[in-house]
Amino acid sequence: MSQNCQILEAIFNGVGDGILFCDVDGIIKIWSRGCEKIFGYSSSEAIGQSLDIIIPEKYRKRHWDGFFSAVKSKSSKYSDDLLSVPAIGKNNKSLSIDFSIAIVEQDSKLLGFGAIIRDATKSFLEKKQLKNEIEELKNKLKQFKEDV
């Protein structure tokens with residue numbers, strides 16, 4: 001194995017972020033240790049499965065519409081922009097993830113999509129809590145003004 005391959009393998013298996021690759025049908029072909037930590041599925045459980053294992057049912061139609069549009073156009077705005085979405089892990093564990101994708105082609109043929117995924121659940125819940133607290137304070141201020 002070349003030194004570059006060893007470096008890439010160390011990065012792939014060493015980072016906490018998830019790295020996955022799916023083919024043009026949305027079938028998972030590569031699943032890193034980071035994905036195992038985030039979603040709870042071992043690579044042997046995830047590889048060969050549809051991306052549906054990490055997409056909440058109520059968002060699947062929207063996901064697949066966008067996915068197949070990206071397959072058709074061989075492009076996605078999420079190659080440059082970060083996407084934040086709800087996800088599910090093993091045992092239907094609710095998650096919030098941030099990810100970006102890479103379009104993977106060989107000889108002008110689309111092979112599929114790679115994704116770098118970060119578990120943003122803690123940050124999402126903290127932001128949600130702050131929004132609730134701000135709304136509560138606004139309501140208290142409004143009530144105070146009405147009482148004065």
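Predicted model: local features only at pLDDT ≥ 70, side-chain atom pairs only at ≥ 80, totals over all residues.
Biologist: Which residues does Ser96 touch, and in which strand is its place?

Modeller: Contact means heavy atoms within 4.5 Å. Not counting residues up to four places away in sequence, Ser96 touches Val85, Pro86, Arg118, Asp119, Ala120, Thr121 and Phe124. Its place is in strand β4. Strands here are DSSP runs of E with at least two residues, helices are runs of H or I with at least four, and both are numbered from the N terminus.

Biologist: On to the sheet, then. In what order do the strands come?

Modeller: Look at the pairing first: two strands pair if DSSP finds at least two bridges between them. Here five strands form an open sheet, ordered β2-β1-β5-β4-β3, with antiparallel pairing. β2 (28-31) and β3 (83-88) each have a single partner strand and stand at the edges, so one side of each has no neighbour in the sheet. From one strand to the next the twist averages 35°; for such angles, axes are lines fitted to C-alpha atoms, for helices over the stretch in contact, and the angles run from 0 to 180 degrees between N-to-C directions.

Biologist: And how many bridges hold each pair?

Modeller: Go pair by pair. β4 (residues 94-106) and β5 (residues 109-119) are antiparallel over 10 bridges, and Val104 faces Gly112 of β5. β3 and β4 also run antiparallel, joined by six bridges; there Ser84 has Asp98 in β4 as its bridge partner. For β1 and β2 it's three bridges, again antiparallel, with Cys22 partnered by Ile28 in β2.

Biologist: What should I look for in the hairpin turns?

Modeller: Check the residues between the strands and their phi angles. The β1 and β2 hairpin has four residues between its strands, and Gly26 takes a positive phi near 80°. In the β3 and β4 hairpin there are five residues between the strands, and Asn91 in the turn has a positive phi of about 60°.

Biologist: Which helix lies across the sheet strands, and at what angle?

Modeller: That's α4 (residues 60-73): it lies across β1 (18-23), β3 and β5, and runs at about 135° to β5.

Biologist: How do I read the salt bridges, and how many are there?

Modeller: Side chains of opposite charge can pair when their charged atoms come close. The rule is a side-chain nitrogen of Lys or Arg within 4 Å of a carboxyl oxygen of Asp or Glu, and the count comes to six. One of them is Lys61 with Asp65, whose closest N and O atoms are 2.8 Å apart. The two sit four residues apart in α4, so about one helical turn separates them. Lys61 is exposed at 61%, while Asp65 is partly exposed at 44%. Lys29 and Asp23 form another, at 3.8 Å between the closest N and O atoms; Lys29 is partly exposed at 42%, whereas Asp23 is buried at 14%.

Biologist: What about Gly34: buried or exposed?

Modeller: Buried, with a relative accessible area of 0%. Gly34 is in helix α2 (residues 33-39). Leaving aside neighbours within four places in sequence, Gly34 contacts Val15, Gly16, Asp17 and Gly18.

Biologist: Last one: which residues make the nonpolar surface patch?

Modeller: Patch residues have over 30% relative accessible area and no salt bridge; like charges are joined within 9 Å, and nonpolar side chains (Val, Leu, Ile, Met, Phe, Trp, Tyr) within 5 Å. Ile7, Leu8 and Ile11 make one of about 280 Å², and Shrake-Rupley with a 1.4 Å probe gives the accessible areas, counting only the protein chains shown as cover for residues. Ile7 lies in helix α1 (residues 3-14) and is partly exposed, at 41%.

Terms used: Residues numbered from 1 in each chain as written. Heavy atoms only, no water. Buried < 20%, exposed > 50% of the residue type's maximum accessible area, 1.4 Å probe, protein only.
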